[in-house]
Amino acid sequence: MSKVNGGKIAKYTFKALAYLLVFGTIGILLGRIFTSGAPADMKALQINSRLVEAYRTAQAEGRELDMFTQEQPTTITTADHNYSYFSVSNVVFIRDAAQVQLAFRYNNSTIRHLVEDYGLSEMPSRDMDLYEVTLWVAYDLTPDVAGDNENVEYVRIRPTDSETTAAQKSLYNYRKFTFDGVDFSMAGKPILTIYMDVYYLEDIDYEKEPYGTLPLYQRIYETEGGLNKPYELTGQERKALESQA
């Protein structure tokens, strides 16, 4: 009888351990999913004077702000030397304000890779600003000449420092950036592409390949792909704009 009971106990113990392993794994995965979402202030638009003025003008003309998002092939760096180092989300192009806003993200393992890649003597704190994020904008100087990719003007745009917001969540580190002066309305000089470039703050050299780069906008996706999606203000964003307008 004791052997039978012992067998049953072993059987139920094994089952319990198996269930614990399965549901524990599911719990960890669900926890990672629920905690990996961007904090609220990384999703919301930053309200600055340029955006408020654009909103005021649009309201006076009886229309909504001209804003859109555009789907890209990837939002995470995928090159061998920076695979999954950086990602971008909540990219909004605000034509009326000549402005781009985005959320930049990297996780703690990216900081460990930074130590390895640059041979640093110690691990930087995740509270530190480690990276410079800029936009690399290409303007088409001959838009009426099909296939002409030679006459292009490149402009690097830095974020408006006073608008930068930092946040942390679980394993992830976030920066919300606003870039002013991204003009989509210049006659005869449309924007071809916009990339986000990332450089380590101690190794900024624009003649070198960026530490990371991601596509944000491609005109061909707008004119031929139809991948632009209008961005609608949330109730909170509208309230914040109206309070200053």
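**Ground rules.** I am working with a predicted model, where local features need pLDDT of at least 70, side-chain atom pairs count only at pLDDT 80 or more, and totals for chains, interfaces and linings use all residues. Residues are numbered from 1 along each chain as its sequence is written, and side-chain values use heavy atoms, with hydrogens and water left out.

**Overview.** I looked up the helices and strands and found six helices and 10 strands in the protein. Both are DSSP runs numbered from the N terminus: helices are H or I with at least four residues, strands are E with at least two. Next I looked up burial. Of the 245 residues, 37% are buried (buried means under 20% relative accessible area, exposed over 50%, partly exposed in between, with a 1.4 Å probe and protein chains only). I also looked up contacts, meaning heavy atoms within 4.5 Å. Among contacts between residues at least 6 apart in sequence, 68% join residues at least 24 apart.

**Sheet of six strands.** I then traced an open sheet in the order β6-β7-β3-β2-β1-β10, with antiparallel pairing. β6 (165-169) and β10 (228-230) stand at its edges with a single partner strand each, so one side of each has no neighbour in the sheet. From one strand to the next, the twist averages 25°. For pairing, DSSP must find at least two bridges between two strands. Strands of a sheet pair through backbone hydrogen bonds, either parallel or antiparallel.

I went through some of the pairs. β2 and β3 are antiparallel and pair over seven bridges. F86 stands opposite Y106 in β3. Strand β1 (residues 67-70) runs antiparallel to β2, and two bridges join them. M67 has I94 in β2 as its bridge partner. Three bridges join β1 to β10, again antiparallel. There, F68 stands opposite P230 in β10.

**Helix α4 on the sheet.** Which strands does α4 touch? It packs on the sheet and touches β2, β3 and β7 (172-180). The direction of α4 makes about 75° with that of β3. Axes are lines fitted to C-alpha atoms, for helices over the stretch in contact, and angles run from 0 to 180 degrees between N-to-C directions.

I picked out T110, which is found in helix α4 (residues 108-118). Is T110 buried or exposed? T110 is buried, with a relative accessible area of 0%. Leaving aside neighbours within four places in sequence, T110 is in contact with S84, Y85, F86 and Y131.

**Helix α3.** Helix α3 (residues 49-60) has 12 residues and reaches 16 Å from its first C-alpha to its last. That is close to the 16 Å expected at 1.5 Å a residue; the expected span is 1.5 Å times one less than the number of residues.

Which residues of α3 are buried? They are L51, V52, A54, Y55 and A58. Seen down the axis of α3, the buried residues fall within an arc of 160°, so they line one face of the helix. The arc is that of the directions from the helix axis to the C-beta atoms. S49 and A60 are exposed on the other side. The buried residues of α3 pack against β2 (86-94), β3 (99-107) and α6 (235-244). After α3 comes G62, with a positive phi near 70°.

**Sheet of four strands.** I found another open sheet, in the order β5-β4-β8-β9, with antiparallel pairing. β5 (152-157) and β9 (212-218) stand at the edges with a single partner strand each, so one side of each is left without a neighbour in the sheet. The twist averages 20° from one strand to the next. Six bridges join strand β8 (residues 191-200) to β9, and the two run antiparallel. M196 stands opposite L214 in β9.

**I194.** My last entry is I194, found in strand β8. I194 counts as buried, at 0% relative accessibility. Which residues does I194 contact, leaving aside neighbours within four places in sequence? Among them are F93, L135, W136, V182, F184 and L214.
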